[in-house]
Amino acid sequence: MASTDTTAAESQVKTLDATPAEGQHISHEGKEYTTIKEGLAHILVPHDTPTSTDPRMSKEDTQKQQVFYNPIQQFNRDLSVLAIKTFGLDSIQRKQERHAKSLKKGPRKQKGQAKETAEEQAKPAEPEQPVDAATTGDECTLKRKLAEGETVDAAPSPKKQKVADNSGALEEVEGAPASEAPAETSKEPKPWKAPFTILDALSATGLRALRYAKEIPFATSITSNDMSKDAVESIKMNIKHNKLEGTIKPNTGNAIAYMYSYCDKKGYDVIDLDPYGTAAPFIDSAIQAIEDDGLLCVTCTDSAIFASHGYLEKTYSQYGGLPFKGEPCHEGGLRLVLHAIAQSAGRYGMAIEPLLSLSIDYYLRVFVRVRKAPNDVKLLAGKTMIVYSCDNGCGAWTTQFLARNKATKNKKGDLFYKHSFAAGPTADEHCRHCGTKTHLVGPMYGGPLHNTGFVERVLAQLNEVDRKTYPTMDRIEGMLRTALEEITFGVKPKDEKSKQTLDPLIPKADPAEVDHHPFFFIPSSISRVVHCSAPPTAALRGALRHAGFRVTMSHCKPGSIKTDASWTDIWHIMTEWIRQKAPLKNPLKEHTAGRAIMSKPTTSPVQTNGTALATATESSAPNGEKADVEMANAEEIAAPAKQQTAMQPSYLGTNFEVKFDEKLGRDHDRGKYVRYQLAPRENWGPMARAK
């Protein structure tokens, strides 16, 4: 009985040439493998290697799976396939349009060809010489023989003719003239197909390349590169098992050196950089290897560098800027990475346009369109900003752009930009709200993080895909819709039909557009500054909308609020929250940011129980000076709402009514989408580097 079971088990073991299927047991060169399916691709991992996201998995098991297959980044790979496919549809159509125009114009004339043609036409016509049928050989030899009276053979010597082979290339053959050539040599050339090439520069097992080949049908060539010979052998094995030898080309080499080899030749349409850690060392060479109007996909997993203040000297050396300290640190990290890409591209006359920039789990992922556009590069200084951050005080920030791009028109009415120095500084040494010293952050990218048209087209792709192929589809949709709201502040287009019939061409964003409200805030964090109970998110959003401000959430963090209101407006609303809804129970301590904020003078009289309180006329000094006047004002602001008259205090001259309308602050589809990821197990992250 035991021998029968053994025979049955052995019969299930298949070779590498077998048709790929999930859960196969493959034997190759004396090693046993198991087939895992992700998307439409199948990858071979050593037999009995754990690949589950089960939270009960031991630390040893999770370390083993990193060497061959990382299920944590399936969201990254699913999103990348959809994003590259969306970009590819745009790229293919643009190439087809350019090809059609070139056919209408006809073949280009070579340099000097027009001049030679004109000279030939200017020459006088020579009289035609009668040529005997026998003069089909070498003309010079035949003329000499005829002049000397020698006889000439009637049969001509065979002449080499250029004919096209099956591949369309010309080759010389001996035989009859082209008019008498065999029928098979006059085949019509194959129809032109727009090329679309992808480079997976740091491929490991080649899973990304496999998925791109399987799920992007118009991809003509994919290069899967890794400097590890063992990794490339694994790539070759997976390519063969997936029957993709004609589409994927494995390559062994240093990614930086390989990409630099494309400096003087046609590059790739898409380059994907997905390293372990930072992608900074690969950015410059990737810019050199990418084709004009190409897509650069970049992943960085070193969040301890780009989103933490513990190694700010390392952050500067990697990305050319200092990190943001506080709640929006990951959004600041996105802008640091985009700044590094923009700086590298600008050196070669290339301008970048972020199509989608996301902070995901423990890493970030950006999709950037790169164009050869020297005029757009001139706008880069005006889109680069530094930030004055009150990270040790109230958390407020002020942006400062390095230059100004002023739009103007010439005599013909055409728009162009004048570039000048920016006036500065935009902030004082101390925060105007709490008096705490501010710190410098950046420089970093100050333009929009996303392209609205691109995000809409990726969302449209979700309607055409299979949920089994893309199991992370719900989270992709939620995050993309949140990103779309970030750039539009939730304002929906008037024409709803336009969403159903989206053109494949991705609209180009304004190259001079800047983001004047680049970061979000967390209501609970600013509530801790003034030691009050945090307002409900819907109530705070309703107050901002009631005052006429736009408000949405950020994809980076749950509970975040992104708005075009200034920090003066935000603190005015918070002081009103304390006055109307949540009076302070205890006086704030001296020399704190909260006390300085609550001690700000008002510009409108306030009455309590029929007794007017003198309004302070001087702004509070740093570190809580003028404590008596400030504290009296703060206690009045913190008084119960029933003791106040209709006249309201005004924080630093603001003049709008604050109404905490929770109904206005709620979005009808707020709970409809999976906007934020829940970690499926403890220590969810990149873990140890594969050895």
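The model is predicted, so local features were taken only at pLDDT of at least 70 and side-chain atom pairs only at pLDDT 80 or more, while totals for chains, interfaces and linings use all residues. Residues are numbered from 1 along each chain as its sequence is written, and side-chain values use heavy atoms, with hydrogens and water left out.

The protein chain holds 21 helices and 22 strands. Helices (H or I, at least four residues) and strands (E, at least two) are DSSP runs, numbered from the N terminus. Of the 691 residues in the protein chain, 47% are buried. Buried means under 20% relative accessible area, exposed over 50%, and partly exposed in between (1.4 Å probe, protein chains only). Contacts are heavy atoms within 4.5 Å. Among contacts between residues at least 6 apart in sequence, 69% join residues at least 24 apart.

An open sheet of seven strands runs in the order E9-E8-E7-E10-E11-E13-E12, with mixed pairing. Strands count as paired if DSSP finds at least two bridges between them. Strand E9 (248-252) and strand E12 (350-360) stand at the edges with a single partner strand each, so one side of each lacks a neighbour in the sheet. Neighbouring strands are turned by 15° against each other on average, direction ignored. Axes are lines fitted to C-alpha atoms, for helices over the stretch in contact, and angles run from 0 to 180 degrees between N-to-C directions. Strand E7 (residues 197-200) pairs with strand E8 (residues 221-226) in the parallel sense over four bridges. Within this sheet region, aspartate 200 stands opposite serine 224 in E8.

Helix H3 (residues 74-105) touches E7, strand E10 (268-273), strand E11 (290-300), E12 and strand E13 (363-372). The direction of H3 makes about 10° with that of E13. Helix H9 (residues 280-289) touches E10, E11, E12 and E13, and its direction makes about 155° with that of E11. H9 is mostly covered, with eight of its 10 residues buried. Among the buried residues of H9 are Phe282, Ile283 and Ile287.

A nonpolar core is a set of buried Ala, Val, Leu, Ile, Met, Phe, Trp, Tyr and Cys residues joined through side-chain atoms within 4.5 Å. The largest such core has 86 residues, of which Met259, Ile271, Leu296, Ile341 and Trp571 touch the most other members. Helix H12 (residues 329-346) gives the most to this core, with nine residues. Neighbours within four places in sequence aside, isoleucine 341 is in contact with Ile283, Ile287, Leu296, Val298, Ile352, Val366 and Val368. A second, separate core of 49 residues includes Val270, Phe454, Val465 and Tyr470.

A further open sheet has three strands in the order E15-E14-E18, with antiparallel pairing. E15 and strand E18 (439-445) stand at its edges, each with a single partner strand, so one side of each is left without a neighbour in the sheet. Neighbouring strands here are turned by 25° against each other on average, direction ignored. Strand E14 (residues 384-389) and E15 pair over five bridges in the antiparallel sense. The bridge partner of serine 389 is tryptophan 397 in E15. H12 packs on this sheet and touches E14 and E18, its direction making about 55° with that of E18. Threonine 399 also lies in E15. Threonine 399 counts as buried at 16% relative accessibility. Residues up to four places away not counted, threonine 399 touches Met385, Ile386, Val387, Thr426 and Pro518.

The whole structure contains 12 aromatic pairs. Rings of Phe, Tyr and Trp (its six-membered ring) pair if their centres lie within 6.5 Å; planes under 30 degrees apart count as stacked, over 60 as edge-to-face and the rest as tilted. Phenylalanine 324 and tryptophan 397 form an edge-to-face pair, because their ring centres are 6.3 Å apart and their planes stand at 80°. This pair links distant parts of the chain, 73 residues apart. Phenylalanine 324 is buried at 3% relative accessible area, and tryptophan 397 is buried at 14%. The rings of tryptophan 567 and tryptophan 571 have centres 6.1 Å apart and planes at 35°, so this pair is tilted. Both tryptophans are buried. Phe324, Trp397, Phe519, Phe521, Trp567 and Trp571 form one aromatic cluster.
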